[in-house]
Amino acid sequence: MIVLVTGGAGFIGSNFVRFILEARPDCRVVNLDKLTYAGNLDNLRDVSHRWEGDRYFFIKGDIAHRPLVREIFSGEKAPKPDVVVNFAAESHVDRSIIDSTPFVETNIKGTQVLLDAAREFGTELFIHVSTDEVYGSLPLGDGRFKEEDPLLPNSPYSAAKAASDLLCRAYYRTHGFPVIVTRCCNNYGPYQFPEKLIPLMILNALEGKPLPVYGDGKNVREWIHVLDHCRALDFLIDHGEPGEIYNIGTGEEKANIDMVRDLIAHVASLSGKPLEELESLIAFVKDRPGHDLRYALNSDKLLKLGWSPGCSLEERLRETVSWYLENRDWCDRVRSGEYREYYEKWYGDRLEGG
Ligand code: NAD
Ligand code: TYD
C-alpha cells in the first residue's frame with residue numbers, strides 16, 4: 001500500500017508517518033508538505049534516515065498547487081498513491097484571527113485540489129482529517145457532539161476546516177468518491193509546535209515567562225494522545241466506511257486552568273523548579289475573540305467499530321512534559337524568527353494589559 005500523507009512534517013502528520021511505517025511493513029509513504037512555519041523535517045529525521053528513497057519519499061510543495069499535485073497522483077513524482085491521509089492545513093486558531101487568507105487557501109482550496117486529483121487518478125481511499133472544532137461550541141456540562149450534528153464553526157480556522165469537511169461529503173455524494181472524514185479532539189504529545197497550549201505552557205514555565213491563560217481559564221477541551229489519534233486513522237484505513245464521518249475522542253475533558261496547573265506540577269517535579277514560582281507565572285489575559293467554551297465528542301461510532309484509546313491523559317501528560325524537557329534543542333530550532341514575531345504580535349498587548 002502506498003499512502004500519500006499531506007502535512008506529514010507537522011505535529012500529527014509526522015507522528016502518523018512514523019507510526020504507519022512501523023505498523024505496516026508493506027506500506028510506503030509519500031509525504032507532501034509545504035514546510036510552513038509549522039512543518040519541520042527535523043520531526044522526521046529518524047524516518048528519513050531509516051527509510052528515505054526506499055519506503056519514504058518527501059516532496060516539498062503546496063497542496064493547492066494543481067500541476068504538482070496532479071504529478072504526484074499520477075505517479076510521475078513518486079510511487080502512485082492508493083490511499084491519502086490529508087493532514088495539511090493551517091491549524092492555529094489565533095493565527096486565523098490575525099489573517100485568515102492562508103487558511104482559506106490551504107484548508108479549502110488545497111483540499112479541493114487534492115480531491116480533484118485523487119478522483120482523476122483513481123485513488124482508492126481519501127481520509128480527510130477534520131476536527132471537533134467544526135461543530136462549534138458546547139455549554140459546560142454533559143452534552144457531546146455526534147457525527148450528524150450541524151456544523152457551526154466560530155473561528156476562521158474552524159470555518160475553513162468545515163468548508164473542506166463538507167467538500168469531502170459533497171465529493172462522496174456527487175461523485176461517489178470514497179472519502180472518510182474524521183473529527184478528532186485536541187491532540188497532545190511529542191513534536192507539537194510550541195504555539196499550542198500544552199508545549200507553550202511547558203516551555204514558558206521552564207523559561208520563567210508568563211503563562212497566558214485566556215479569559216477565566218474555564219474553557220474545556222477534550223484531549224487525546226497523538227499516537228491514539230494515529231492508531232484511529234490507521235484503523236479506519238481498514239475498517240472505515242467510505243462516505244462516513246467518525247468522531248475520534250477519549251472522553252477526557254479538562255478545563256484549561258486545570259491543564260495549566262497539571263503541567264506546571266509536572267514541570268516542577270521533573271525540573272526541580274519551585275512550584276510556587278511557576279504558579280506565580282499564571283497570567284489571566286484578554287480572551288481569544290470567539291473563544292469556544294467547550295468541545296466534547298460522542299465517539300461511540302468508532303468505539304463500536306473496535307478502536308479504543310490506549311492510554312489515559314493522566315499516564316501520558318507527564319511523559320509529554322518530559323519529552324519537551326529532553327528536547328529543548330528541537331524547541332529552540334522550531335521557534336524561528338517568524339514565530340517570535342507572531343508571539344510578540346499576539347501576546348505583546350495581552351501580557352502588558354494582563
Ligand atoms: P500542524 O500545524 O502542526 O501541521 C500542519 C502541516 O501542514 C505542517 O507540516 C505544514 O507545513 C503543512 N502545510 C500547511 N500548509 C500546507 C500546504 N498548503 N501544502 C502542504 N503542506 C502544508 O498541524 P497539526 O496539529 O499536526 O494538525 C494536522 C491536521 O489535523 C490539521 O488538518 C488539523 O486541522 C487537524 N487536527 C488537529 C488537531 C490538533 O489538536 N492539533 C485536532 C483535530 C484535527
Ligand atoms: P489551542 O492549543 O490553541 O487549541 P484549540 O484552540 O484548537 O483548542 O488552545 C487550547 C485551549 O487553550 C483553548 O481553549 C485556548 C487556550 N489557550 C490559552 O488559554 N492560552 C494560550 O496561550 C493558548 C495558545 C491557548
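Helices (H or I, at least four residues) and strands (E, at least two) are DSSP runs, numbered from the N terminus. The model is predicted, with local features needing pLDDT of at least 70 and side-chain atom pairs counting only at pLDDT 80 or more, while totals for chains, interfaces and linings use all residues. Residues are numbered from 1 along each chain as its sequence is written, ligands are numbered from 1 in the order in which they are written, and side-chain values use heavy atoms, with hydrogens and water left out.

**Exercise 1.** Describe the shell around ligand 1, and find the element that gives the largest share of it.

*Solution.* Begin with the residues near the ligand (one heavy atom within 4 Å of it): 28 residues surround ligand 1, and among the closest are Asp33 and Tyr157. Next, look at which elements give two or more residues to this shell, namely α1 (11-23), β5 (125-131), α6 (156-175) and β7 (186-188). The largest share, 3 residues, comes from β5.

**Exercise 2.** Find polar contacts (pairs of N or O atoms within 3.5 Å) of ligand 2, and state how much of the ligand the protein buries.

*Solution.* Start with Arg288, which has a polar side-chain atom 2.5 Å from an oxygen atom of ligand 2. Continue with Tyr347, where the corresponding distance to an oxygen atom of ligand 2 is 2.7 Å, and then with Asn186, whose side chain has an N or O atom 2.9 Å from an oxygen atom of the ligand. Finally, turn to accessible area (Shrake-Rupley method, 1.4 Å probe): ligand 2 taken alone exposes 510 Å², and the protein buries 97% of that.

Notes. Polar contact = N/O pair within 3.5 Å; in protein donor to acceptor, adjacent residues only side chain to side chain.
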